[in-house]
Amino acid sequence: MKNLLFTFAVMMATCFYLSADGVLTNDVNGSGMIQSPSLSIPLGQEDWPMEGYWMVLVDRFGQENWYELDVDYGGNYTLVMNLLVASCGSRAHIYYCCYGQKYGAPVEDASLIHGYNLKNLLVPYDPSTDDELYFYTTEAGYSYMLTLEKIYDIDTYEILGYNILSVQGSAVGLPAMKGDVDLDFSTDINDVTRLIDHLMNNSVWIDKGNADVDDDGKVEISDVTALIDLILGW
């Protein structure tokens, strides 16, 4: 019986997709299909500030949003802000820029370890290489205090590098919903349609955090089954 319902749901989703000519909306403003965000921005080709300390938030549309940091009493640089699901997706992506030098995570989509700065080391990015600038990520839907801390040489007091001290605050805005693939803050057949289309040809944007319905760290066909179970209340 479950297999029959699964097959029926897939057929309905496919028919819905075809009837819409492939134009689906997952924009919270209903303005049309959102293309896959480019988190591999052509770094080194655009201008960025060469003075000051900045945190850069890459939103779910792949756009960079620059925020200048304020110096605190300890000589570090702090920013308090709300990371909203509507603009960030289920997870926010950030990196830093210090006097023209960009700094990112040591690995792709590294999760911030809150309250433990030594776990959030920033590494310099060289735009002349073919390597990508990796982002730190954190759960959206909360307020955060994000502090850029300097790492000093204990003898010369020379700045050797930077790390991030992150503190998660209270919930803000609408929360992320597991299974809300198109990020319209509901879970329905449209999410099944979009997830199938993404898995078939990777042509549409999905919120990968919400799309990992079975929480195995991957987005694949098993998530379609888990999503249908979620919608049917199983």
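A residue is buried under 20% relative accessible area and exposed over 50%, and partly exposed describes those in between. The views below show a predicted model.

View A. Five helices and eleven strands are found in the chain. Of its 234 residues, 42% are buried. Among contacts with a separation of 6 or more, 64% join residues 24 or more positions apart. The chain exposes about 12400 Å², and carbon and sulfur atoms supply 55% of that area.

**View B. The salt bridge of Lys-218 and Glu-220.** The closest N and O atoms of Lys-218 and Glu-220 are 3.9 Å apart. This pair counts as a salt bridge because the cut-off places the side-chain nitrogen within 4 Å of a carboxyl oxygen. Lys-218 has 47% relative accessibility and is partly exposed. Glu-220 is also partly exposed, at 28%. Side chains of opposite charge can pair when their charged atoms come close.

**View C. The salt bridge of Asp-215 and Lys-178.** A search of the whole structure gives two salt bridges, and this view shows the one between the side chains of Asp-215 and Lys-178, with an N to O distance of 3.0 Å. Asp-215 lies in the loop between α4 (208-211) and α5 (221-232), while Lys-178 lies in the loop between β11 (159-171) and α3 (189-201), so the pair ties together parts that are 37 residues apart in sequence. How accessible is Asp-215, as a relative value? Its relative accessibility is 57%, and Asp-215 therefore counts as exposed. Lys-178 has a relative accessible area of 34% and is partly exposed.

View D. Most residues other than glycine have a negative phi. Leu-183 has a positive phi, near 55°. Phe-185 is not a glycine either, and its phi is positive at about 65°. Leu-183 is in the loop between β11 and α3, and Phe-185 is placed in the loop between β11 and α3 as well. Is Leu-183 buried or exposed? Leu-183 is buried, because its relative accessible area is 0%. Phe-185 has 21% relative accessibility and counts as partly exposed.

**View E. A negative surface patch.** Which residues form the negative surface patch? The patch consists of Glu-108, Asp-109, Asp-126, Asp-130, Asp-131 and Glu-132. One of these, Glu-108, sits in the loop between β6 (101-104) and β7 (110-111). Glu-108 counts as exposed because its relative accessibility is 55%.

**View F. Ser-170 and its surroundings.** Ser-170 belongs to strand β11. Leaving aside residues up to four places away in sequence, Ser-170 touches Gly-141, Tyr-142 and Ser-143. Asn-82 is also shown: the C-alpha atoms of Ser-170 and Asn-82 are 9.3 Å apart in space, and the two residues are 88 residues apart in sequence.

Technical notes
Residues are numbered from 1 along each chain as its sequence is written. This is a predicted model: local features need pLDDT of at least 70, side-chain atom pairs count only at pLDDT 80 or more; totals for chains, interfaces and linings use all residues. Side-chain values use heavy atoms; hydrogens and water are left out. Helices (H or I, at least four residues) and strands (E, at least two) are DSSP runs, numbered from the N terminus. Buried means under 20% relative accessible area, exposed over 50%, partly exposed in between (1.4 Å probe, protein chains only). Patches are made of residues with over 30% relative accessible area and no salt bridge: like charges are joined within 9 Å, nonpolar side chains (Val, Leu, Ile, Met, Phe, Trp, Tyr) within 5 Å. Accessible areas come from the Shrake-Rupley method with a 1.4 Å probe; for residues, only the protein chains shown count as cover. Lys and Arg count as positive and Asp and Glu as negative; His and the chain ends are not counted. The place of a charge is taken as NZ of Lys, CZ of Arg, CG of Asp or CD of Glu. Contact means heavy atoms within 4.5 Å.
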